Every structure is written in structure tokens, then in C-alpha cells.
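Thanks for coming, everyone. Let me put the chain on the screen, and then we'll walk through it.

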Amino acid sequence: SLTGLEAARAMAAGVRAVHPRAKTVLMPIADGGDGLMECVLTARGGRRVSVPIHGPRGERRRACYARLSDGSAVIEMALASGLTLMGSRRDALGATTFGTGELLRAAWKSGARRLIVGLGGSASSDAGAGMAQALGARLLDCAGRELPGGAAALARLDRIEAGELRRKLRGIEVIGISDVVNPLLGRRGSARVFGPQKGATPSMVDLIERALTRYASILKRDLGVDVARRPGAGAAGGLGAGLMGFLGARFVPGAAYMLDACGARGKLRGADAVLTGEGRFDATSFYGKAPSVLARLARR
């Protein structure tokens, strides 16, 4: 579907066709998934930085992160590890977040001290394991071999070595932006709720759930972080859990963050009408999605 900015321009064109003298203000919004970087750049200014990465299948490609004027960096995981990059070949068991880790590493090495990560539109179910490996963590099997990418390999995880990664990233603030509050495991967890969207069959969902259960237990044992039931840990194929476990990320609701970044309250004062929407409007639209949050703000 259209990006947030394209949709806003189309709405403005429609308004002007009927009321040529109307004053329109474009305010593209997102709630953590596809389009977050573009919306933040439109609202706050900054520049795109293109870097070489590996996509969700391990293929070489390029992706951008945004460097803001305050020195923060915005990483939209969908641009590196998103479902739209898979085409018609979905791979819930093998897709990886390695490229998202490469974007994080590039932003951190450029001097950014605050990393803002948009979670949504994920192709992977690896719970941020690939992201952590790209940043220097070692995920090892019982023979001491590095695990390959993807969720399925986590069933063989024996230990995690991440002390060096944590030392390097000390003092870096990581903020996760998402409208998803699902935990990593269980009936409402990443595998069962989001796995089918990534091409997982029922048997694959069961395999991913077992693999993530092992991953969560070893994260708790080796890093001292219990991510299994934490709200938001299941976001973006469990990337939320990886950001919490390896990077100590804190999470904020995507829509609220975006509307604040856009200065929505100020723009709504004096407005006669607000036009908004999303790619698909359904029951989930009322649970923290940007259009419903904006509508409540406009009503106030």
C-alpha cells in the first residue's frame, strides 16, 4: 500500500480538489513498523545513511538508517529484515535479523548514543538472535560451534557469550518502538500469533515455539534477563526479546512516540478536520495503532 507520506499527499490533493483554498498540513505517522524512518525524518529532519547489510535470507543488499539532528539514530528493522524483502518466498524457520544488527552497529559506530528501533513488518522469527550475532555476541551449540541464522537453529543453542558486546555498548541507550505487547512465548506469543504471517505451518509454529523456549531459558541463565513473558518481547518475530536481553532496551508505544515526535498536539489546535487511516482497518486497529490514538487525541 502507500507509504504514510504518499497517503498524506493523496488526502491533501483530494481536499484541495474540493476546497482549493483549504490549508492542509501533512503529518505522516507510523506506529513502529514500515514507514517509521520516513515519518520521523519528515517530522524532525535529518539524513539517510546507506550501508551494506545482509537481508533476511543472508543476501547482500543495502539499507538505510536515519541520523537525526540531535545525534540519535532511527533504525527501521523492516528495511533490513522485513517481510517485503522476501518476495513470495517466505522462510519462517531460516530468516534472520542479522541485517538489523548491522544497521545498529553502523549507527553506533557513527557516534549515535541513542538508537531508536522500529519493530514491525518482520520476516524472521529468530527473536533477535541474528541481530545479536551481527553485534558480536556468540550463540554456540554443545560443540562450541556458532549457530547459523534463523529460528530453527535456536533449538540447538547451548550457551551465549555476550560479555564483550555488553561492554562495548555500555552507555548506549536503546529504545524499542512498537505497538505490539505480545510476550515471546505462549498462546499470545511470537510464534503462534505472528509465525503464520511469515509462512509458518502449524508444525513449524510448534518447532519455533520450542526453539524460542530454549533460547529464552539460556538468555535467562547466561545473561540474567527473563524475556519469556515480558510485554513486547514478541514484537517483530521476537526481536523485542533480543533487544531487551542483549541491549537492555526500553520500550515505548509506537503511536505515542510518533505523534509526540510530529508535534501532533500543536498541529491539531485550530484544525477543522483530521484525515487518517492505515493499510488495513480491523479489530487490532483499536489496540494502540496510530490512527486510533490520533483519533482519540483529536477528540480531546
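Is Thr97 buried or exposed? Keep in mind that this is a predicted model. Thr97 is buried, because its relative accessible area is 0% and the cut-off for buried is under 20%.

So where does Thr97 sit? Look at the loop between helix H3, residues 78-81, and helix H4, residues 98-109. Now its surroundings. Leaving aside neighbours within four places in sequence, Thr97 is in contact with Met77, Ser81, Ser124, Asp126, Gly128, Ala129, Gly130, Met131 and Leu239. A polar atom of the Thr97 side chain lies 3.0 Å from the backbone nitrogen of Met131.

Let's move to Met131. This residue belongs to helix H5. Met131 counts as buried because its relative accessibility is 0%. Along the chain, Met131 and Leu239 are 108 residues apart, yet 8.1 Å separates their C-alpha atoms.

Next, two alanines with a backbone angle to point out. Ala127 has a positive phi, near 55°, and is not a glycine. You'll find Ala127 in the loop between S4 and helix H5, which covers 129-134. Ala127 is buried, at 0% relative accessible area. Ala236 is placed in helix H9, residues 235-247. Is Ala236 buried or exposed? Ala236 counts as buried, at 10% relative accessibility.

Now the cavity. How many cavities of 30 Å³ or more does the structure hold? One. The volume of the largest cavity is about 40 Å³. Its lining is made of Thr96, Asp126, Ala129, Gly130, Gln133, Leu139, Leu147, Pro148, Gly149, Gly150 and Leu154. H5 supplies the largest share of that lining, with three residues. By class, the lining has five nonpolar, five polar and one charged residues.

On to the cores. The largest nonpolar core has 64 residues. Which residues have the most contacts inside this core? They are Leu115, Leu139, Leu243 and Phe246. Helix H8, residues 202-223, gives the most to this core: nine residues. Apart from this core lies another one, of 27 residues, including Tyr257, Cys262, Leu294 and Leu297.

Back to Leu115 for a moment. Beyond residues up to four places away in sequence, Leu115 touches Ala73, Ile75, Leu104, Ala107, Trp108, Ile172, Glu173, Val174 and Ile175.

Last stop, helix H10, residues 254-262. This helix is mostly covered, with seven of its nine residues buried. They are Gly254, Ala255, Tyr257, Met258, Leu259, Ala261 and Cys262. What do the buried residues of H10 pack against? There are three helices on the list: H2 (36-44), H11 (264-268) and H12 (290-299). The strands are S4 (114-118), S7 (173-178) and S8 (250-253). After H10 comes Gly263, with a positive phi near 65°.

To recap two points. Thr97 is buried at 0%, and its side chain has a polar atom 3.0 Å from the backbone nitrogen of Met131. Met131, in turn, lies in H5, and H5 gives three residues to the lining of the largest cavity. Thanks, that's my tour.

Technical notes:
Residues are numbered from 1 along each chain as its sequence is written. This is a predicted model: local features need pLDDT of at least 70, side-chain atom pairs count only at pLDDT 80 or more; totals for chains, interfaces and linings use all residues. Side-chain values use heavy atoms; hydrogens and water are left out. A nonpolar core is a set of buried Ala, Val, Leu, Ile, Met, Phe, Trp, Tyr and Cys residues joined through side-chain atoms within 4.5 Å. Buried means under 20% relative accessible area, exposed over 50%, partly exposed in between (1.4 Å probe, protein chains only). Helices (H or I, at least four residues) and strands (E, at least two) are DSSP runs, numbered from the N terminus. Contact means heavy atoms within 4.5 Å. A polar contact is a pair of N or O atoms within 3.5 Å; within protein, one must be able to donate a hydrogen and the other to accept it, and residues adjacent in sequence count only if both atoms are side-chain atoms. On a 1 Å grid over the protein atoms alone, a cavity is a set of points where a 1.4 Å probe fits but cannot get out, and a pocket is an open set with protein on both sides within 12 Å along at least five of seven lines; lining residues have an atom within 4 Å of a point. Grid points are joined across faces, edges and corners, and a volume is the space filled by probe spheres set on the points. Ala, Val, Leu, Ile, Met, Phe, Trp, Tyr, Cys and Pro count as nonpolar, Asp, Glu, Lys and Arg as charged, and the others, Gly among them, as polar.
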